[in-house]
Amino acid sequence: MSVKIVHAADFHLDSAFGALSAEQARQRRRESRELLTRLSNYVNQNGVDLVLLAGDLFDSDTTYRETLEALSEALGAMRARVFIAPGNHARLIFIFFVEMEFPHVGQAGQHRSEEHTSELQSQRI
C-alpha cells in the first residue's frame, strides 16, 4: 500500500512584509491566502493521503480574520489528514488549533480516534 504525502512549510501567513508598500503587502497577503486554496485543490486532485504543514504556518500571533477563514475553508475541503507542526513563529495559533479541536487537524504523536490509530499502526509511513 502506498501513501501519498505532501509536505509544505514556512508559509508565514500574514507576514507584515515590512520592505513592501502597504498596498504591495496587502496584495502579497491575498496571494498567500490564495495559495491555501491551490494547495487544497492539489491535494484533492492528486489523491493525497497526508498533508504535513511543518512549521511557521503563520508569521506571528497577529492574524487577519480573512486568513483564518481561508485556512479553515482550505483545510476543511482537503480529503486528507492534515498535521500542523509548530515552528518558531506564531506558536499560539497552533495551540489554538489543538485546544479548539480544529477539524481535520491532528497533533503529531496524538491520534484523533482509535479507528485512525489502528489504521495508522497498520500502515508503514
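Which residue in β2 is the bridge partner of I5? That partner is L50. The notes below start from this pair and rest on a predicted model.

1. **Strands β1 and β2.** β1 covers residues 5-8 and β2 covers residues 50-54. The two strands pair in the parallel sense, over four bridges. Between them the chain passes through helix α1, residues 22-45. This β-α-β crossover is right-handed.

2. **Faces of β1.** V6 and A8 make up the covered face of β1. I5 and H7 make up the uncovered one. Side chains in a regular strand alternate between the two faces of the sheet.

3. **Strands β2 and β3.** β3 spans residues 81-85. It runs parallel to β2, and five bridges join the two. Check L53 here: it stands opposite I84 in β3. Helix α2, residues 65-77, belongs to this part of the fold. With β2 and β3, helix α2 makes a right-handed β-α-β unit.

4. **Salt bridges overall.** The whole structure holds five salt bridges. Side chains of opposite charge can pair when their charged atoms come close.

5. **D14 and R33.** These two residues form a salt bridge, with the closest N and O atoms 3.7 Å apart. The pair links distant parts of the chain, 19 residues apart. D14 lies in the loop between β1 and α1, whereas R33 sits in helix α1. Are D14 and R33 buried or exposed? Both are buried.

6. **E23 and R26.** The side chains of E23 and R26 meet in a salt bridge, at 3.1 Å from N to O. Why are they separated by about one helical turn? Because they are three residues apart in helix α1. E23 has a relative accessible area of 42%, so it is partly exposed. R26 is partly exposed too, with a relative accessible area of 39%.

7. **R28 and E31.** Another salt bridge joins R28 to E31. Its closest N and O atoms are 3.7 Å apart. R28 and E31 are three residues apart in helix α1, so about one helical turn separates them. R28 counts as partly exposed, at 35% relative accessibility. E31 also counts as partly exposed, at 35%.

Technical notes: Residues numbered from 1 in each chain as written. Predicted model: local features only at pLDDT ≥ 70, side-chain atom pairs only at ≥ 80, totals over all residues. Heavy atoms only, no water. Buried < 20%, exposed > 50% of the residue type's maximum accessible area, 1.4 Å probe, protein only. Pairing = 2+ DSSP bridges. Right-handed = clockwise from strand over helix to strand, strands pointing away. Salt bridge = Lys/Arg side-chain N within 4 Å of Asp/Glu carboxyl O.
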